[in-house]
Amino acid sequence: MTRKTRRLWIVIACLACVGSAAALTLRAFSSNIVFFMAPSQVKANPPSSDRTIRLGGMVMAGSLHRINENGTPVNAFEVTDGQAAVEVHYTGILPDLFREGQSVVALGTVQKNGGFTASEVLAKHDETYMPKEVADELKRTGKWDPRFGKAPDASSWDTMTAKKAGG
């Protein structure tokens, strides 16, 4: 083998090792990636029921229902992005700042019936905060243009109904 050929084989071996390492790393990360979806995206293209996602939007006014099952709080509410609404079921205590008409991000899975089962619910922390994903979705759907001021106040979402949201 000439020196040039040996160098070529070493470069090819190194590229194969780096490519294999990158492929293994990406495969490991792909199972841990949690995507953000708005209710209209979930309705249009529901992910598989074994895929964990973050569902973000505003809690629809009048949609919160709380019951106790064997001493455990069970909550049902609807999350909307103004175009569609998804019913969310959460077993546990909701955050103190959770309210109807406020932005929320729920971590969980979409069920076969179209509902969403949340394992975690995150509420905004003050009156001016809005999760980046929710703000991006409001911009994308045309509900808010940052050139014309701050994000819409939660009170503007209070009058939204499931019929108006497409749910």
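In which loop is Asn 70 found? Asn 70 sits in the loop between strand S3 (65-69) and strand S4 (72-80). The model is predicted, so local features need pLDDT of at least 70 and side-chain atom pairs count only at pLDDT 80 or more, while totals for chains, interfaces and linings use all residues. Residues are numbered from 1 along each chain as its sequence is written, and side-chain values use heavy atoms, with hydrogens and water left out.

Let us begin with the overall fold. The protein has four helices and seven strands, where helices (H or I, at least four residues) and strands (E, at least two) are DSSP runs numbered from the N terminus. Along the sequence, these elements follow the pattern α-β-α-β-β-β-β-β-β-α-α. Of the 167 residues, 35% count as buried; buried means under 20% relative accessible area, exposed over 50%, and partly exposed in between (1.4 Å probe, protein chains only). Among contacts (heavy atoms within 4.5 Å) between residues at least 6 apart in sequence, 54% join residues at least 24 apart.

Back to Asn 70: its phi is near 55°, a positive value in a residue other than glycine. With 83% relative accessibility, Asn 70 counts as exposed.

The interior comes next. A nonpolar core is a set of buried Ala, Val, Leu, Ile, Met, Phe, Trp, Tyr and Cys residues joined through side-chain atoms within 4.5 Å. The largest such core has 19 residues, and those with the most contacts inside it are Phe 77, Phe 98, Phe 116 and Val 121. At least two residues of this core come from each of strand S2 (52-59), S4, S5, strand S6 (103-110) and strand S7 (116-123). Another core, of five residues, lies apart from it and includes Phe 36, Met 58, Val 105 and Val 134. Leaving out residues up to four places away in sequence, Phe 77 touches, among others, Val 59, Leu 64, Val 88, Leu 94, Phe 98 and Val 121.

Arg 54 belongs to strand S2 and is partly exposed, with a relative accessible area of 27%. Arg 54 and Met 37 are 17 residues apart in sequence, yet their C-alpha atoms are 6.1 Å apart in space. Beyond its neighbours within four places in sequence, Arg 54 is in contact with residues including Phe 36, Met 37, Val 105 and Glu 133.

On a 1 Å grid over the protein atoms alone, a cavity is a set of points where a 1.4 Å probe fits but cannot get out, and a pocket is an open set with protein on both sides within 12 Å along at least five of seven lines; lining residues have an atom within 4 Å of a point. Points are joined across faces, edges and corners, and a volume is the space filled by probe spheres set on them. The largest pocket has a volume of about 160 Å³. Its lining has 10 residues, of which Lys 43, Val 86, Glu 87, Gly 114 and Gly 115 lie nearest its centre. Strand S5 (residues 85-91) gives the most to this lining, with four residues.

There is one cavity of 30 Å³ or more. The largest cavity has a volume of about 50 Å³, and S2 and helix H3 (132-140) are the elements that give two or more residues to its lining. Of the 11 lining residues, Gly 57, Asp 81, Val 134, Glu 137 and Leu 138 lie nearest the centre of the cavity.
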